[in-house]
Amino acid sequence: MARPTDIELTAAAEALARGELVVFPTETVYGLGANALEPAAVARIFAAKGRPADNPLIVHVADEAAARKLVRAWPPFASKLAEVFWPGPLTLVLPRDASVPDITTGGLESVAVRVPAHPIAKALLERARVAVAAPSANRSGSPSPTRVEHARDDLGASVAAYLDGGPTDVGLESTVVSLLGERPVLLRPGGVTREQLEAVVGPIDVATSAPDAPVLSPGMKYRHYAPRAKVHLVASDALQPTIDRLRADGRRVGAIVSTESGLAGAEVVVPGSKQDAARWAHVLFTSLRELDTAGCDAIVVEEIASEGLGAAVLNRLRKAAEPQ
Ligand code: TXA
Ligand code: MG
């Protein structure tokens with residue numbers, strides 16, 4: 001694994017303390033970090049990403065004790081989930097403490113908190129000694145970065161330090177769960193699956209994205225995760241006909257398909273079997289970026305089953321495929 005030196009880590013922690021931006025790896029995707037309790041520092045995140053001001057940020061801390069300082073309530077569900085899934089790809093939404101500024105929460109009375117598992121993220125948080133607000137380190141709307149080069153391509157010189165940890169492990173973002181009501185509500189599927197959550201806390205509710213439903217997680221209303229090419233998400237039996245039709249229209253077509261599809265070619269990415277959702281999660285965002293770079297203007301993606309990590313993979317693909 002790529003690993004920053006001690007000097008680089010210390011410099012990055014000092015940059016955070018000065019109110020500057022730092023890109024760092026987590027086990028999910030790379031984050032664009034700033035001191036979460038310093039409004040001027042957090043404002044730099046929104047500017048660098050081109051992010052809408054009402055889309056709140058996840059605050060990263062080194063451990064549960066630090067997370068508790070950012071919230072006004074710590075219900076039994078929080079203890080259970082933190083015990084099993086922290087450090088790891090789970091974000092909890094709780095009533096915010098008064099110390100958390102409006103800009104960090106997008107004006108909401110709640111705050112999203114997470115303890116990442118990646119050794120470089122942990123080392124940075126321990127040295128920085130501040131809570132670190134960090135959205136994914138991409139320009140708003142683009143696929144999340146799973147390698148430091150993706151973040152550099154998107155954000156360039158607006159960032160004081162880039163920490164390279166090589167490709168990230170999970171490949172898509174953390175699961176976001178609201179603990180504001182009586183029952184946990186899944187706001188965004190991610191690295192921890194619904195099945196894993198329910199094994200610990202019993203049945204949970206799932207936020208719908210019906211157009212008339214109240215917006216629980218502001219980020220869900222924006223277009224997301226999309227490469228420049230238009231994404232077409234199709235069932236296995238529609239793959240070849242869709243590719244043929246787009247080619248006949250003069251499109252340069254890339255594809256992301258399962259081993260079972262039998263398709264191959266220069267601009268065909270095969271993450272693995274339809275059953276292996278973890279592999280799909282791992283390569284999804286990288287593949288979308290690579291097919292863009294290869295000059296494709298259409299990307300046809302095969303649907304996989306919506307179980308386990310497959311739910312998160314499909315959630316990102318559906319958003320990527322939304323009309324622009
Ligand atoms: O894996 C991840 O979660 C990565 C890494 C860097 O930790 N971060 C990430 O952050 O994906 P971002 O900003 O790209 O996504 C944060 C999501 C958004 O959908 C946002 O609306 C939601 O979390 N969120 C944040 N605070 C919230 C709150 N108080 N209530 C509801 N949703 C919230
Ligand atoms: Mg993001």
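Author: What follows is a conversation about terms and the values behind them. This is a predicted model, in which local features need pLDDT of at least 70 and side-chain atom pairs count only at pLDDT 80 or more, while totals for chains, interfaces and linings use all residues. Residues are numbered from 1 along each chain as its sequence is written, chains are lettered from A and ligands numbered from 1 in the order in which they are written, and side-chain values use heavy atoms, with hydrogens and water left out.

Reader: What makes Thr104 buried or exposed?

Author: A residue is called buried under 20% relative accessible area, exposed over 50%, and partly exposed in between, with a 1.4 Å probe and protein chains only. Thr104 has a relative accessible area of 0%, so Thr104 is buried. This residue is placed in helix H5, residues 102–105, where helices are DSSP runs of H or I with at least four residues and strands are runs of E with at least two, numbered from the N terminus. Leaving out residues up to four places away in sequence, Thr104 touches Ala36, Val42, Pro56, Leu57, Val59 and Ala133, a contact being heavy atoms within 4.5 Å.

Reader: How do you know what to call the pair of Tyr225 and Phe285?

Author: With 5.6 Å from centre to centre and 25° between the planes, the aromatic pair of Tyr225 and Phe285 is stacked. The two residues are 60 apart, with Tyr225 in the loop between strand S10 (205–206) and S11, and Phe285 in helix H10, residues 277–293. Tyr225 counts as buried at 4% relative accessibility, and Phe285 is buried at 0%.

Reader: What makes you say that the charge of Arg152 sits over the ring of Tyr162?

Author: The rule asks that NZ of Lys or CZ of Arg be within 6 Å of the ring centre and within 35 degrees of the ring normal. The charged end of Arg152 is 4.8 Å from the centre of the Tyr162 ring and sits over that ring.

Reader: How do you know that strands S1 and S2 pair?

Author: Two strands pair if DSSP finds at least two bridges between them. Four bridges join strand S1 (residues 22–25) to S2, and the two strands run antiparallel; Val23, for example, has Leu32 as its bridge partner in S2. A hairpin through four residues joins S1 to S2.

Reader: Why is strand S2 described as largely enclosed?

Author: Six of the six residues of strand S2 (residues 30–35) are buried, so the rest of the structure largely encloses this strand. S2 also pairs with strand S6 (residues 132–133) in the antiparallel sense over two bridges, and the partner of Ala34 in S6 is Ala133.

Reader: What makes S11 and S13 edge strands in their sheet?

Author: The open sheet of four strands has the order S11-S14-S12-S13, with parallel pairing. Strand S11 (230–234) and strand S13 (268–272) each have a single partner strand, so one side of each is left without a neighbour in the sheet. Between S12 (residues 253–258) and S14 (residues 298–302), which run parallel, there are four bridges, and Val253 stands opposite Ala298 in S14.

Notes:
Phe/Tyr/Trp six-rings, centres within 6.5 Å; stacked < 30°, edge-to-face > 60°.
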